[in-house]
Amino acid sequence: MKFQAVRGFKDWLPEEFIRYHYLIEVARKHLRRANFKEIKLPILEKTELFVRSIGEVTDIVQKETYSFQDRNQEWLTLRPEATAGICRMFIEQGLHVRPKPIKIFTIGPMFRHERPQKGRLREFYQIDVEFFGNLSPYHEVELLELALTILNDPFQGREVEKNPFILEINSLGCPECRPTYRSYLVEALSGAKEDLCKTCQDRLLRNPLRILDCKEPLCRETVGALKPISDFWCNTCRAHFEAIRELLELRRLPYVVNPLLVRGLDYYVRTIFEIKGEGLGAQDTVCAGGRYDYLLRELGGPDIPATGFAIGLERWALVVYQKNEDLGRHLEKTLNPELFFIPLGEEARRKGLKLVKDLRDSGYQVEALYEERSLKALMREADKSGAKLALILGSEELEKEAILVKDLKTGTQKVISLSQLKNFIEEVLRSENIS
RNA sequence: GAGGUCGUAGCUCAACGGUAGAGCACCGGGCUGUGGCCCCGGGAGUUGCGGGUUCGAGUCCCGUCGACCUCCCCA
């Protein structure tokens, strides 16, 4: 094979594409109902934007971005996530003058140079949802429920063992109280450096909160002996977190408090969360997000609090179609034509051009072959196409101003006058067979 | 970025270091106004790529590219 796709970049064939497309439409439906408005962002931004927003010392910025200099020697980066770009747009377009809250979402590819594995590609799709303008826990819980509603939509009304998604929440504190916890961590762990893995010894200096998230058994043990972050929350943060828990319980949304949950992006404060999917292996976070109240200001914009989340489309799809194969099969079938037009002879082909166009204008999925082949061969094509009905137009039918309609599943067929064709098709497709 | 498993026809996979094969799919015919089933035939490959060892390499060795799994990271 001469050319291969770039590592971590995948082709989406029709059968696969429709599965993603369906989920995107599901997400759009729920987001529109909640009055989120869709936008489109550039795929490239200036490198500096991501350094400033995501954080200079984060892994994403340090070793996972696709960054390069363009022909003008300007440093550009393929977006590794959407929030930074949305904030840039928010400031640049002056969205703060719009009625609040400002609720926007965007769907598109993100790029991270990581080693690919299941559920982790270098180009991957995110459904990114952002909410600007209110500090209320009500809005936060509403947002959490929205995320769960979207994720669970494909499981509604089907016999699937309950909810395949688990919500984990935590609070990182705010600029008031987080530094206290941070210094406690540094102090407590500096004395016990040998009880940390190598990367964590490094993190101690650069990004101590990430140590909480380390999977090394040694670090887990060390971290387990520490005081939890909740001991350091200020009164505001504590009350905020309690309010969120209360509202989650009011809504009967199952959740787990994970005091070790942290994020890989620096801009988060206070509430953060992850939603994990079953059966995904190591890359099991399907959706994640949290508050970033100070990001706009840090980027030179207005002082408006914000919160948001992103759903990993491919990971979501893995959970959905692994647990619901019928849905995938059903979607594949919608790719098949409803009608398959088979003209026999030159006159039929000439007449068919308009007939097919009319049927398509009426909304049917129509395939047509204009080749001079045997009826047998054309029927074989019709069969393989998965079409529901074959429409055969030959000299016999032309004489009578009619057409032969054959149900490819049952094999029954009927000659219908051309004037009655649409009515007949409509009836047959509704009742699923020719009676 | 590190470790492991693996790359053979469009797909799924065979082939002790000794002539690269099967099933499915594809194309044609049996069957020129009727598809699915059946029968017959056909096309298909620089064995991911590049080196090396060997009389001889799909097979062994090295490198490289890619997939998957784990670490890491994250959606």
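**A walk from a helix pair to the RNA surface**

Let's start with two helices: α1 (residues 14–33) packs against α11 (residues 313–323) at an angle of about 105°, and their axes are 10 Å apart. Axes here are lines fitted to C-alpha atoms, for helices over the stretch in contact, and angles run from 0 to 180 degrees between N-to-C directions. Helices (H or I, at least four residues) and strands (E, at least two) are DSSP runs, numbered from the N terminus. The two helices α1 and α11 are therefore roughly perpendicular to each other, a label that covers 65 to 115 degrees, while angles under 35 degrees count as roughly parallel, over 145 as roughly antiparallel and the rest as oblique. On the α1 side, the contact (heavy atoms within 4.5 Å) is made by Arg-19, Tyr-20, Tyr-22, Leu-23, Ile-24, Val-26 and Ala-27. From α11 come Leu-313, Glu-314, Trp-316, Ala-317, Val-320 and Tyr-321. Sorted by class, that is 11 nonpolar, no polar and two charged residues. The classes are simple: Ala, Val, Leu, Ile, Met, Phe, Trp, Tyr, Cys and Pro count as nonpolar, Asp, Glu, Lys and Arg as charged, and the others, Gly among them, as polar.

A quick word on what you're looking at: this is a predicted model, in which local features need pLDDT of at least 70 and side-chain atom pairs count only at pLDDT 80 or more, while totals for chains, interfaces and linings use all residues. Residues are numbered from 1 along each chain as its sequence is written, chains are lettered from A and ligands numbered from 1 in the order in which they are written, and side-chain values use heavy atoms, with hydrogens and water left out.

Now for the sheets. One is an open sheet of three strands in the order β2-β4-β3, with antiparallel pairing; two strands pair if DSSP finds at least two bridges between them. At its edges stand β2 (44–46) and β3 (66–69), each with a single partner strand, so one side of each has no neighbour in the sheet. Neighbouring strands are turned by 35° against each other on average, direction ignored. Four bridges join β3 to β4 (residues 75–78), and Tyr-66 has Leu-78 as its bridge partner in β4. Helix α2 (residues 47–54) lies across β2, β3 and β4, at about 75° to β2.

The other open sheet has five strands, ordered β13-β12-β14-β15-β16, with mixed pairing. Its edge strands, β13 (366–368) and β16 (413–417), each pair on one side only, and the twist averages 25° from one strand to the next. Inside, β14 (residues 389–393) runs antiparallel to β15, joined by four bridges, with Ala-390 opposite Lys-406 in β15. Helix α13 (residues 346–361) packs on this sheet, touching β12 (339–343), β13, β14 and β15. Helix α14 lies across β12, β14 and β15, running at about 170° to β12.

That brings us to RNA strand B. Arg-112 has a side-chain N or O atom 2.5 Å from a sugar or linking oxygen of RNA strand B. In total, 50 residues surround RNA strand B, each with a heavy atom within 4 Å of it. Helix α14 gives the most to this surface, with six residues. By class, the surface has 13 nonpolar, 14 polar and 23 charged residues.

Notes. Polar contact = N/O pair within 3.5 Å; in protein donor to acceptor, adjacent residues only side chain to side chain.
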